[in-house]
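These are my notes from a pass through the model. I went from the sheet to the helix on it, then to rings and single residues.

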Amino acid sequence: MRVQLEFFGLSRLATGTKELALDLEETTTFRDIVRLLGTQYPKMLENVINPDGETLHPPNIFNVNAKKMIKPDQMDQCPDDGDRIILMSVSAGG
């Protein structure tokens with residue numbers, strides 16, 4: 001399957017790119033994508049990916065097709081072919 005991964009904020013700074021096309025196995029999970037990113041872009045381990053190398057450091061989160069946020073307990077779910085995954089930081093304040 002093929003997904004588009006778009007980077008915003010710290011993830012864009014760490015990768016030096018706006019987006020990336022990924023060809024993945026059908027069984028690839030969001031956690032697997034984090035592992036892949038940590039391997040390809042070690043600078044992400046500082047601010048975007050937790051030291052375990054498989055979870056996102058809050059407030060970073062995946063958004064799928066501008067419709068669904070992937071919560072920490074959903075990291076073992078699989079994206080679908082053609083999904084547009086946005087790696088972004090979600091901050092709240094007032």
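I count two strands as paired if DSSP finds at least two bridges between them. Helices (H or I, at least four residues) and strands (E, at least two) are DSSP runs, numbered from the N terminus. The model is predicted, so I note that local features need pLDDT of at least 70, side-chain atom pairs count only at pLDDT 80 or more, and totals for chains, interfaces and linings use all residues. Residues are numbered from 1 along each chain as its sequence is written, and side-chain values use heavy atoms, with hydrogens and water left out.

**Entry 1: the sheet**

I looked up the strand order. Five strands form an open sheet, β2-β1-β5-β3-β4, with mixed pairing. β2 and β4 are the edge strands, and each pairs on one side only. From one strand to the next the twist averages 30 degrees.

Then I went through the pairs. β3 and β4 run antiparallel and are joined by three bridges. There, valine 64 stands opposite lysine 68 of β4. β3 also pairs with β5, in the antiparallel sense, over five bridges. In that pairing valine 64 stands opposite isoleucine 85 of β5. β1 and β5 run parallel, with four bridges between them. Phenylalanine 7 stands opposite leucine 87 in β5.

**Entry 2: helix α2**

Which residues of α2 (residues 30-40) are buried? I use buried for under 20% relative accessible area, exposed for over 50%, and partly exposed for in between (1.4 Å probe, protein chains only). The buried residues are Phe30, Arg31, Ile33, Val34, Leu37 and Gly38. They cover an arc of only 155 degrees around the axis, which puts them on the same side of α2. The arc is that of the directions from the helix axis to the C-beta atoms.

What covers them? Contact here means heavy atoms within 4.5 Å. The cover includes β1 (2-7), β2 (19-23), α3 (44-47), β3 (60-64), β4 (68-70) and β5 (84-89).

**Entry 3: aromatic pairs**

I searched the whole structure for ring pairs and found two. Rings of Phe, Tyr and Trp (its six-membered ring) pair if their centres lie within 6.5 Å; planes under 30 degrees apart count as stacked, over 60 as edge-to-face and the rest as tilted.

The rings of phenylalanine 7 and tyrosine 41 have centres 6.3 Å apart and planes at 70 degrees, so this pair is edge-to-face. It links distant parts of the chain: phenylalanine 7 is in strand β1 and tyrosine 41 in the loop between α2 and α3, 34 residues apart. Both phenylalanine 7 and tyrosine 41 are buried.

The rings of phenylalanine 30 and phenylalanine 62 have centres 5.8 Å apart and planes at 40 degrees, so this pair is tilted. Phenylalanine 30 belongs to helix α2 and phenylalanine 62 to strand β3, 32 residues apart. Both phenylalanine 30 and phenylalanine 62 are buried.

**Entry 4: threonine 28**

Threonine 28 lies in the loop between β2 and α2. Buried or exposed? Threonine 28 is buried, with a relative accessible area of 11%. Not counting residues up to four places away in sequence, threonine 28 touches Met1, Ile33, Gln77, Cys78 and Pro79.

For polar contacts I take N or O atoms within 3.5 Å; within protein, one must be able to donate a hydrogen and the other to accept it, and residues adjacent in sequence count only if both atoms are side-chain atoms. The side chain of threonine 28 reaches the backbone oxygen of glutamate 25 at 2.9 Å.

Asparagine 63 lies in strand β3. At 8% relative accessibility, asparagine 63 counts as buried. A polar atom of its side chain lies 2.8 Å from the backbone nitrogen of alanine 66. Beyond four places in sequence, asparagine 63 touches Lys68, Met69, Arg84, Ile85, Ile86 and Met88.

Lysine 68 is in strand β4. Lysine 68 counts as partly exposed, at 36% relative accessibility. Where does its side chain make a polar contact? It meets the side chain of glutamine 77 at 3.3 Å. Beyond four places in sequence, lysine 68 touches Phe62, Asn63, Gln74 and Gln77.

Definitions and conventions. Axes are lines fitted to C-alpha atoms, for helices over the stretch in contact, and angles run from 0 to 180 degrees between N-to-C directions.
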